[in-house]
Amino acid sequence: MNSKYLWTALAALIFLNGCNHDESSTLSTAVEPPKTDVELLNKQEWDDNRVYVTKDNYILMKEANGTIPGLMKPCFVVNSAKEWPREDLSNADSYDLPRVDFRWDNGEFTNASSDEKAIYEARDKIWSIKTDGTDLRLVTDFLDVVPPRPHNRAVTVKMMRRSPNNRYLAWSNNVEKVIFDLKTQESTVLGTDRGHSQFLWAEDSSYLYFEDRAKYWKYELATGKTTQMDDEFHFSEVGVIYGGKRYVVAGLGVSVYDEATGRDLYGVSVLPIELAERDYLNINHERKMKYVLKNRSISPDGKYAWGESAQYRYFINLETKEVKSEKIVRSEVGDYQYFEQLGLNANYVRDGAGGVIFLKLNEDKTVPKDKWTNWPQVCSGHSATLSWLYNGFANNGAFIKEGK
């Protein structure tokens with residue numbers, strides 16, 4: 001929301017209020033209604049040109065770095081999360097672009113603080129935003145699952161995955177594994193065992209695979225039934241089910257399964273041809289880490305995947321089974337860098353949560369060195385991380401509206 005839209009809305013509100021007066025009122029002296037706190041704040045001239053959304057929250061418009069001169073992007077200061085708009089499934093305007101979930105501790109916090117509000121604001125929460133950096137929304141603050149505890153921020157988010165229909169958010173702090181329903185605002189705890197977390201949603205959002213107690217489970221939303229999967233079942237924290245196929249982006253490449261039968265269809269490895277998997281198992285740990293993918297992403301339809309190891313980056317076409325790679329040079333921007341959020345058809349990529357790097361890829365799916373944008377997305381709190389793309393088919397997968 002910028003000042004132009006704010007004042008337009010206020011002018012419309014004043015106009016509508018005027019239309020509600022009866023005819024006799026026009027003969028009397030008009031009395032201007034008292035201004036709200038937000039109106040009074042926005043009437044002041046601020047050195048940083050802030051625009052207040054509520055009396056404790058405001059937006060700063062900052063010039064983005066990059067190759068588009070004068071491009072302004074919003075940076076959000078949220079001092080009262082409870083006053084900030086929540087994500088609303090009935091608001092179609094929120095879903096005209098792909099969106100990103102991320103964790104953010106929006107408030108300031110010190111160990112000496114005993115103020116309950118300060119502790120709440122500094123707690124991890126899950127937020128969402130459009131890929132162009134607009135329409136920030138609060139998704140959940142977890143209070144229905146983990147109540148606030150004095151001098152304790154209580155929840156540290158470790159993973160989140162949104163269902164394809166946008167309604168459900170699976171999240172974990174590596175203890176509780178939870179499904180949050182945006183429509184009912186209710187949570188379902190799937191597991192409470194401390195350990196690694198993974199989630200994978202069904203294509204139609206009817207079930208969810210998750211990890212708990214070092215086992216894989218399937219949870220059916222309609223019945224609430226939980227079933228343990230057998231030892232031959234595989235999925236990973238990065239993957240997608242699409243077109244009846246289950247794509248699993250693992251440490252050394254991608255495996256593809258038939259979702260209905262569980263049959264292993266094919267795999268694409270990032271290992272060099274001269275290093276067979278058998279030989280890989282016998283080499284020392286240091287050499288292995290050259291290839292193990294520590295950062296990974298996949299496009300919404302499973303067509304493309306990306307990974308980054310300690311020394312290499314890989315871009316994988318799952319239809320042609322082609323793997324392109326580059327050796328990482330820390331002083332240079334690579335052809336396959338900043339692919340944390342990989343868009344439909346690999347036309348756009350986006351990286352980061354606190355600060356965002358935004359790119360429209362070249363036709364050959366490489367980074368354009370002469371056209372890039374980055375901006376600070378959040379201007380309060382300590383950190384924002386764990387970005388994950390959802391609603392990825394909106395706007396034909398494009399991360400911005402044409403001409404913007």
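Here is a short exchange about a predicted model and how its features get their labels.

Me: Why is the link of Cys75 and Cys379 called a disulfide?
Reply: A disulfide is a pair of cysteine sulfur atoms within 2.5 Å. The sulfur atoms of Cys75 and Cys379 are 1.8 Å apart, so the pair qualifies. The structure holds 1 disulfide.

Me: Is Cys75 buried or exposed, and how do you know that?
Reply: Buried means under 20% relative accessible area, exposed over 50%, partly exposed in between (1.4 Å probe, protein chains only). Cys75 has 0%, so it is buried. Cys379, at 28%, falls in between and therefore counts as partly exposed.

Me: What makes the largest nonpolar core a core?
Reply: Such a core is a set of buried Ala, Val, Leu, Ile, Met, Phe, Trp, Tyr and Cys residues joined through side-chain atoms within 4.5 Å. The largest one has 26 residues, and Phe76, Trp84 and Trp127 are among those with the most contacts inside it.

Me: How much confidence goes with residues 1–28?
Reply: Their pLDDT stays under 50, while the chain's mean is 88. Where pLDDT is low, the predicted coordinates should not be read in detail.

Technical notes: Residues numbered from 1 in each chain as written. Predicted model: local features only at pLDDT ≥ 70, side-chain atom pairs only at ≥ 80, totals over all residues. Heavy atoms only, no water. pLDDT = per-residue confidence, 0-100. Contact = heavy atoms within 4.5 Å.
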